[in-house]
Amino acid sequence: MNSREYIESGILELFEADSTMSDVGGLNNLKNWLQLRSKAYSKEAREFGLPLPRGILICGLPGTGKSLCAKAASNLWDIPLIRFDISKVFAGLVGESEANWRSSIAFADAIGNCILWFEKHEKGISGMANSGKTDGGTSTRIFGNFLTWMQEKKSPVFIIATVNQISNLPPELIRKGRFDEIFYVGLPSAEERRTILNIHISKFKRDPKDFNLDECVKKSDKYSGAELEEAIVTALYTAFEKKEKLTSELIL
């Protein structure tokens with residue numbers, strides 16, 4: 001089995017980096033942090049003595065750009081993005097789950113420079129608390145192995161873990177030394193909503209200057225980035241059906 005076949009077999013999935021930092025509206029602290037480390041895997045960085053970045057945890061509401069940031073980071077750093085579906089690690093046979101975990105991590109280590117993306121990470125480890133009763137302690141053992149790997153790994157594998165609720169994570173996962181940094185992604189501000197609207201209107205080959213963005217920003221308080229995008233998509237379908245041009249009124 002070649003590398004692509006292995007990655008796409010289920011537990012690991014290779015993502016194409018089709019998003020850039022220009023697709024991310026707002027989140028300047030996170031973008032600046034990633035930009036500062038964009039040359040971290042270069043020969044010059046090694047000669048300078050820079051430590052390899054370990055990983056980040058991004059938490060926040062659904063639809064606020066956590067997954068988008070993982071994809072954009074892959075493009076910015078020009079390294080592969082591999083999503084790790086930890087729920088598929090667990091198998092029915094005794095010992096098979098641990099074997100799945102070890103082989104997947106060993107494969108990621110062997111790839112070298114890459115981003116290993118744990119999406120909705122709190123769901124992947126949700127069964128740990130009752131592991132002794134439900135799976136004979138398998139979840140607890142795998143979680144322990146995961147913590148050890150995060151702490152001791154020497155390979156240039158950068159972890160991006162995205163979660164909706166950080167309160168569901170065990171404290172030993174989020175202490176310093178596991179992740180380099182933790183970022184919270186909230187609902188966009190008025191300025192960020194304007195940027196997001198600009199991004200998506202431009203993406204669909206329209207000029208944002210032709211739209212009343214002031215009114216759209218005003219009426220979209222507490223909207224997530226995903227909801228703003230969907231408002232524009234729905235307006236596009238309406239305009240197409242009515243054989244009209246896309247307008248601010250349709251978006252509103």
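**Entry 1: a surface patch**

Areas come from the Shrake-Rupley method with a 1.4 Å probe, and for residues only the protein chains shown count as cover. I then looked up Y184, which is found in strand β6 (residues 181-185). Y184 is exposed, with a relative accessible area of 58%. My cut-offs here are under 20% relative accessible area for buried, over 50% for exposed, and partly exposed in between (1.4 Å probe, protein chains only).

**Entry 2: ground rules**

The model is predicted, so I note that local features need pLDDT of at least 70 and side-chain atom pairs count only at pLDDT 80 or more, while totals for chains, interfaces and linings use all residues. Residues are numbered from 1 along each chain as its sequence is written, and side-chain values use heavy atoms, with hydrogens and water left out.

**Entry 3: the whole chain**

I counted secondary structure next and got 13 helices and six strands. These are DSSP runs numbered from the N terminus: helices are H or I with at least four residues, strands are E with at least two. Of the 252 residues in the chain, 44% are buried. The accessible surface comes to about 13,700 Å², and carbon and sulfur atoms hold 52% of that. I also checked contacts (heavy atoms within 4.5 Å). Among those between residues at least 6 apart in sequence, 76% join residues at least 24 apart.

**Entry 4: aromatic rings**

My search of the whole structure found ten aromatic pairs. Which geometry do W77 and F158 adopt? Their ring centres are 4.7 Å apart and the planes sit at 65°, so I logged the pair as edge-to-face. W77 lies in helix α4 (residues 66-77) and F158 in strand β5 (residues 157-163), so the pair ties together parts that are 81 residues apart in sequence. The rule I used pairs rings of Phe, Tyr and Trp (its six-membered ring) if their centres lie within 6.5 Å; planes under 30 degrees apart are stacked, over 60 edge-to-face, and the rest tilted. W77 is buried at 5% relative accessibility, and F158 is buried at 0%. I found both again in one aromatic cluster, formed by W33, Y41, W77, F158 and F183.

**Entry 5: charges over rings**

I looked for NZ of Lys or CZ of Arg within 6 Å of a ring centre and within 35 degrees of the ring normal. R83 lies over the face of W117, at 5.8 Å from the ring centre. K153 lies over the face of W149, at 5.9 Å.

**Entry 6: salt bridges**

With a side-chain nitrogen of Lys or Arg within 4 Å of a carboxyl oxygen of Asp or Glu as my criterion, I found nine salt bridges in the whole structure. R83 turned up again: R83 and E13 form a salt bridge, with the closest N and O atoms 2.7 Å apart. R83 is in strand β3 and E13 in strand β1 (residues 12-15), so this pair ties together parts that are 70 residues apart in sequence. Both are partly exposed, R83 at 24% and E13 at 31%. I noted a network of salt bridges linking E13, R83 and E119.

K219 and E215 meet in another salt bridge (3.0 Å, N to O). They are four residues apart in helix α11 (residues 213-219), so about one helical turn separates them. K219 is exposed at 51%, while E215 is partly exposed at 22%.

**Entry 7: two single residues**

Is S104 buried or exposed? S104 is buried, with a relative accessible area of 1%, and its place is in helix α5 (residues 96-111).

K88 is partly exposed, at 47% relative accessibility. Not counting residues up to four places away in sequence, K88 touches G10, I11 and N100. K88 and W101 are 13 residues apart in sequence and 9.5 Å apart in space, C-alpha to C-alpha.
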